[in-house]
Amino acid sequence: MKPANKATFAKLVLAAGFGIASMTASAVTVPSYDIEAGKKIVDANCAACHGANGVSVAPAQPNLGGQNIKYLYKQLVDFKTKARRNGVMEAQLVGLTQQDLADVAGYYAAQTPWTPGYGNKATYAAAQKLYLGGDKSRGIIPCAGCHDPKGAGNEWAAFPRLGGQHATYLAAQLKMFRAAGREDEGVMAEQVRTNDSAKKGEKGMMQMVAAKLSDKDIKILSEFLSAVH
(Lines give C-alpha, C1' and ligand atoms only; values in the text may rest on other atoms or scores of the structure.)
Protein backbone atom coordinates (compact mmCIF):
# COMPACT_ATOMS: atom_id res chain seq x y z
CA MET A 1 0.00 0.00 0.00
CA LYS A 2 1.14 3.53 -0.73
CA PRO A 3 0.65 6.47 1.61
CA ALA A 4 -1.87 9.07 0.60
CA ASN A 5 -0.99 12.73 0.39
CA LYS A 6 -4.13 13.94 2.17
CA ALA A 7 -3.51 17.62 1.57
CA THR A 8 -3.14 17.18 -2.16
CA PHE A 9 -5.93 14.66 -2.45
CA ALA A 10 -8.30 16.94 -0.59
CA LYS A 11 -7.94 19.50 -3.35
CA LEU A 12 -9.45 16.99 -5.74
CA VAL A 13 -12.59 16.47 -3.67
CA LEU A 14 -15.70 18.49 -4.49
CA ALA A 15 -18.64 19.16 -2.24
CA ALA A 16 -21.22 17.30 -4.30
CA GLY A 17 -21.67 14.40 -6.67
CA PHE A 18 -19.00 11.75 -7.01
CA GLY A 19 -16.47 14.13 -5.54
CA ILE A 20 -13.53 14.07 -7.96
CA ALA A 21 -12.50 17.17 -9.82
CA SER A 22 -10.85 17.18 -13.23
CA MET A 23 -7.13 16.53 -12.90
CA THR A 24 -4.24 17.50 -15.11
CA ALA A 25 -1.79 14.69 -15.74
CA SER A 26 1.09 16.01 -13.66
CA ALA A 27 -1.23 16.91 -10.73
CA VAL A 28 -2.54 13.38 -10.25
CA THR A 29 -2.16 12.03 -6.74
CA VAL A 30 -3.21 8.43 -6.19
CA PRO A 31 -4.76 7.73 -2.77
CA SER A 32 -3.65 4.78 -0.66
CA TYR A 33 -4.81 1.59 -2.33
CA ASP A 34 -5.37 -2.06 -1.54
CA ILE A 35 -4.18 -4.47 -4.24
CA GLU A 36 -6.26 -7.39 -2.98
CA ALA A 37 -9.39 -5.26 -2.92
CA GLY A 38 -8.54 -4.13 -6.43
CA LYS A 39 -8.24 -7.73 -7.60
CA LYS A 40 -11.77 -8.51 -6.43
CA ILE A 41 -13.15 -5.56 -8.39
CA VAL A 42 -11.11 -6.47 -11.45
CA ASP A 43 -12.34 -10.07 -11.39
CA ALA A 44 -15.93 -8.88 -11.21
CA ASN A 45 -15.84 -5.84 -13.51
CA CYS A 46 -12.73 -5.60 -15.65
CA ALA A 47 -11.17 -8.98 -16.45
CA ALA A 48 -13.53 -9.85 -19.31
CA CYS A 49 -12.14 -7.01 -21.46
CA HIS A 50 -8.71 -6.26 -19.99
CA GLY A 51 -7.69 -9.65 -18.64
CA ALA A 52 -7.30 -10.67 -15.01
CA ASN A 53 -3.61 -9.78 -15.18
CA GLY A 54 -4.04 -6.78 -17.46
CA VAL A 55 -3.29 -8.57 -20.74
CA SER A 56 -6.18 -8.12 -23.15
CA VAL A 57 -6.89 -10.68 -25.85
CA ALA A 58 -9.07 -8.20 -27.75
CA PRO A 59 -7.06 -5.76 -29.94
CA ALA A 60 -9.63 -3.02 -29.39
CA GLN A 61 -9.20 -3.19 -25.60
CA PRO A 62 -5.95 -1.89 -24.06
CA ASN A 63 -3.49 -3.91 -22.04
CA LEU A 64 -3.31 -2.50 -18.51
CA GLY A 65 -0.85 -4.75 -16.65
CA GLY A 66 2.16 -2.76 -15.45
CA GLN A 67 0.75 0.51 -16.78
CA ASN A 68 1.60 3.80 -15.07
CA ILE A 69 -0.57 3.94 -11.92
CA LYS A 70 -1.12 7.69 -12.11
CA TYR A 71 -2.29 7.33 -15.69
CA LEU A 72 -4.61 4.43 -14.81
CA TYR A 73 -6.14 6.29 -11.89
CA LYS A 74 -6.68 9.46 -13.90
CA GLN A 75 -8.39 7.58 -16.73
CA LEU A 76 -10.71 5.81 -14.30
CA VAL A 77 -11.58 9.13 -12.70
CA ASP A 78 -12.17 10.67 -16.12
CA PHE A 79 -14.45 7.81 -17.17
CA LYS A 80 -16.35 8.11 -13.89
CA THR A 81 -16.84 11.85 -14.28
CA LYS A 82 -17.42 11.53 -18.06
CA ALA A 83 -14.45 13.72 -18.89
CA ARG A 84 -13.50 10.77 -21.11
CA ARG A 85 -16.53 9.18 -22.75
CA ASN A 86 -17.08 5.46 -23.18
CA GLY A 87 -20.44 3.88 -22.50
CA VAL A 88 -19.05 0.48 -21.52
CA MET A 89 -16.53 1.95 -19.08
CA GLU A 90 -19.08 4.31 -17.58
CA ALA A 91 -21.45 1.41 -16.98
CA GLN A 92 -18.74 -0.71 -15.35
CA LEU A 93 -17.82 2.09 -12.96
CA VAL A 94 -21.35 2.71 -11.70
CA GLY A 95 -21.34 2.14 -7.97
CA LEU A 96 -17.56 2.26 -7.62
CA THR A 97 -16.07 4.77 -5.20
CA GLN A 98 -12.89 6.85 -5.31
CA GLN A 99 -11.26 4.18 -3.20
CA ASP A 100 -12.36 1.46 -5.58
CA LEU A 101 -10.78 3.29 -8.51
CA ALA A 102 -7.51 3.63 -6.63
CA ASP A 103 -7.60 -0.07 -5.72
CA VAL A 104 -8.16 -1.10 -9.35
CA ALA A 105 -5.39 1.18 -10.60
CA GLY A 106 -3.05 -0.15 -7.92
CA TYR A 107 -3.83 -3.75 -8.79
CA TYR A 108 -3.25 -3.41 -12.52
CA ALA A 109 -0.13 -1.30 -12.04
CA ALA A 110 1.33 -4.05 -9.84
CA GLN A 111 0.94 -6.73 -12.52
CA THR A 112 3.70 -7.92 -14.86
CA PRO A 113 3.88 -5.58 -17.86
CA TRP A 114 2.48 -6.93 -21.11
CA THR A 115 4.86 -8.18 -23.79
CA PRO A 116 5.29 -6.40 -27.13
CA GLY A 117 3.46 -7.50 -30.26
CA TYR A 118 4.55 -7.45 -33.89
CA GLY A 119 5.07 -4.34 -35.97
CA ASN A 120 5.18 -3.71 -39.70
CA LYS A 121 8.69 -4.10 -41.13
CA ALA A 122 7.73 -2.27 -44.30
CA THR A 123 6.91 0.97 -42.48
CA TYR A 124 9.17 0.61 -39.44
CA ALA A 125 11.81 3.13 -40.57
CA ALA A 126 9.30 5.83 -41.49
CA ALA A 127 7.37 5.33 -38.29
CA GLN A 128 10.51 5.36 -36.15
CA LYS A 129 11.58 8.64 -37.77
CA LEU A 130 8.21 10.23 -37.04
CA TYR A 131 8.04 8.86 -33.49
CA LEU A 132 11.56 9.89 -32.51
CA GLY A 133 11.99 13.03 -34.58
CA GLY A 134 8.57 14.31 -35.51
CA ASP A 135 8.09 16.26 -38.73
CA LYS A 136 9.07 19.93 -38.60
CA SER A 137 7.61 20.62 -42.02
CA ARG A 138 4.15 19.80 -40.66
CA GLY A 139 4.66 21.04 -37.13
CA ILE A 140 4.57 17.54 -35.63
CA ILE A 141 6.65 17.19 -32.46
CA PRO A 142 8.35 13.88 -31.55
CA CYS A 143 6.13 11.45 -29.66
CA ALA A 144 9.20 10.16 -27.81
CA GLY A 145 9.54 13.45 -25.93
CA CYS A 146 6.57 12.52 -23.73
CA HIS A 147 6.24 8.78 -24.17
CA ASP A 148 9.95 7.80 -24.07
CA PRO A 149 12.04 6.51 -27.00
CA LYS A 150 11.09 2.93 -26.07
CA GLY A 151 7.46 3.80 -25.39
CA ALA A 152 7.85 3.39 -21.62
CA GLY A 153 5.91 6.58 -20.83
CA ASN A 154 6.59 8.95 -17.97
CA GLU A 155 5.29 7.88 -14.57
CA TRP A 156 5.76 11.28 -12.88
CA ALA A 157 3.83 13.12 -15.58
CA ALA A 158 1.22 10.33 -15.87
CA PHE A 159 2.03 9.80 -19.55
CA PRO A 160 1.13 6.21 -20.43
CA ARG A 161 3.33 3.38 -21.52
CA LEU A 162 2.60 2.78 -25.22
CA GLY A 163 5.30 0.28 -26.20
CA GLY A 164 3.75 -3.08 -27.05
CA GLN A 165 0.17 -1.82 -26.78
CA HIS A 166 -2.40 -3.11 -29.27
CA ALA A 167 -2.11 -1.24 -32.58
CA THR A 168 -5.88 -1.29 -33.06
CA TYR A 169 -6.46 0.42 -29.73
CA LEU A 170 -3.70 3.00 -30.28
CA ALA A 171 -5.04 3.92 -33.72
CA ALA A 172 -8.54 4.39 -32.35
CA GLN A 173 -7.33 6.71 -29.59
CA LEU A 174 -5.23 8.79 -31.97
CA LYS A 175 -8.22 9.22 -34.26
CA MET A 176 -10.38 10.33 -31.34
CA PHE A 177 -7.75 12.85 -30.24
CA ARG A 178 -7.52 14.02 -33.86
CA ALA A 179 -11.29 14.47 -34.14
CA ALA A 180 -11.22 16.59 -30.99
CA GLY A 181 -8.22 18.60 -32.15
CA ARG A 182 -9.76 19.32 -35.53
CA GLU A 183 -13.17 19.98 -33.96
CA ASP A 184 -14.82 17.57 -36.38
CA GLU A 185 -18.54 18.11 -36.65
CA GLY A 186 -21.24 15.47 -36.58
CA VAL A 187 -19.34 13.03 -34.36
CA MET A 188 -20.66 11.40 -31.21
CA ALA A 189 -19.19 12.06 -27.77
CA GLU A 190 -17.50 8.66 -27.75
CA GLN A 191 -15.74 9.45 -31.04
CA VAL A 192 -13.69 12.30 -29.59
CA ARG A 193 -11.23 12.36 -26.73
CA THR A 194 -10.57 15.58 -24.88
CA ASN A 195 -9.34 14.45 -21.47
CA ASP A 196 -5.75 15.50 -22.17
CA SER A 197 -6.60 19.19 -21.77
CA ALA A 198 -5.91 21.07 -18.55
CA LYS A 199 -9.12 23.09 -18.78
CA LYS A 200 -12.46 22.42 -20.41
CA GLY A 201 -12.64 24.11 -23.79
CA GLU A 202 -8.87 24.18 -24.26
CA LYS A 203 -6.99 21.81 -26.52
CA GLY A 204 -4.53 19.45 -24.89
CA MET A 205 -1.19 18.34 -26.29
CA MET A 206 -2.54 15.10 -27.75
CA GLN A 207 -5.37 16.91 -29.50
CA MET A 208 -2.99 19.43 -31.05
CA VAL A 209 -0.46 16.82 -32.18
CA ALA A 210 -3.01 14.31 -33.46
CA ALA A 211 -4.79 17.02 -35.44
CA LYS A 212 -1.76 17.12 -37.73
CA LEU A 213 -1.56 13.37 -38.32
CA SER A 214 -2.80 11.69 -41.48
CA ASP A 215 -4.48 8.30 -41.58
CA LYS A 216 -1.16 6.87 -42.80
CA ASP A 217 0.73 8.50 -39.92
CA ILE A 218 -1.66 6.97 -37.42
CA LYS A 219 -1.45 3.54 -38.99
CA ILE A 220 2.34 3.34 -39.10
CA LEU A 221 2.81 4.86 -35.65
CA SER A 222 0.34 2.43 -34.09
CA GLU A 223 1.98 -0.56 -35.75
CA PHE A 224 5.43 0.69 -34.77
CA LEU A 225 4.44 1.19 -31.14
CA SER A 226 2.89 -2.26 -30.90
CA ALA A 227 6.39 -3.73 -31.27
CA VAL A 228 8.48 -1.16 -29.37
CA HIS A 229 10.02 -2.22 -26.08
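Which pattern does the protein follow when read along the sequence? The pattern is α-α-α-α-α-α-α-α-α-α, in a model that is predicted.

**Figure 1. Overview of the predicted model.** The protein has 10 helices and 0 strands. Of its 229 residues, 45% are buried. Among contacts between residues at least 6 apart in sequence, 70% join residues at least 24 apart.

**Figure 2. Close-up of the largest nonpolar core.** This core has 22 residues. Those that touch the most other members are Val30, Tyr73, Leu76, Leu93, Leu101, Val104 and Tyr108. Helix 2, helix 3 and helix 5 (98–109) are the elements that give two or more residues to the core. Leaving aside residues up to four places away in sequence, Val104 touches Gly38, Ile41, Val42, Cys46 and Leu76.

**Figure 3. Close-up of another nonpolar core, lying apart from the largest one, which has 22 residues.**

**Figure 4. Crossing of helix 8 (residues 167–181) and helix 10 (residues 215–225).** The axes of the two helices come within 8 Å and cross at roughly 145°. The crossing of helix 8 and helix 10 is right-handed. On the helix 8 side, the contact is made by Ala167, Leu170, Ala171, Leu174, Lys175 and Arg178. They meet Asp215, Ile218, Ser222, Glu223 and Leu225 in helix 10. By class, this contact has 6 nonpolar, 1 polar and 4 charged residues.

**Figure 5. Salt bridge between Asp43 and Lys39 in helix 2 (residues 35–50).** The side chains of Asp43 and Lys39 meet at 3.0 Å, N to O. Both residues lie in helix 2, 4 residues apart, about one turn of the helix. Asp43 is partly exposed, with a relative accessible area of 41%. Lys39 also counts as partly exposed, at 31% relative accessibility.

**Figure 6. Salt bridge between Asp78 and Lys74 in helix 3 (residues 69–81).** The side chains of Asp78 and Lys74 meet at 2.6 Å, N to O. Asp78 and Lys74 are separated by about one helical turn, because they are 4 residues apart in helix 3. Are these two residues buried or exposed? Asp78 is buried, and Lys74 is buried as well.

**Figure 7. Salt bridge between Arg85 and Glu90.** The closest N and O atoms of Arg85 and Glu90 are 2.7 Å apart. Arg85 has a relative accessible area of 32% and is partly exposed. Glu90, with a relative accessible area of 14%, is buried, because buried residues are those under 20%. Elsewhere, salt bridges that share partners join Asp135, Arg138 and Asp217 into one network. Side chains of opposite charge can pair when their charged atoms come close. The salt bridge count comes to 8.

Conventions: Residues numbered from 1 in each chain as written. Predicted model: local features only at pLDDT ≥ 70, side-chain atom pairs only at ≥ 80, totals over all residues. Heavy atoms only, no water. Axes fitted to C-alpha atoms, helices over the stretch in contact; angles between N-to-C directions. Left-handed = near helix turned anticlockwise from the far one by under 90°. Contact = heavy atoms within 4.5 Å. Nonpolar A, V, L, I, M, F, W, Y, C, P; charged D, E, K, R; others polar. Salt bridge = Lys/Arg side-chain N within 4 Å of Asp/Glu carboxyl O. Buried < 20%, exposed > 50% of the residue type's maximum accessible area, 1.4 Å probe, protein only. Core = buried A, V, L, I, M, F, W, Y, C linked by side-chain atoms within 4.5 Å.
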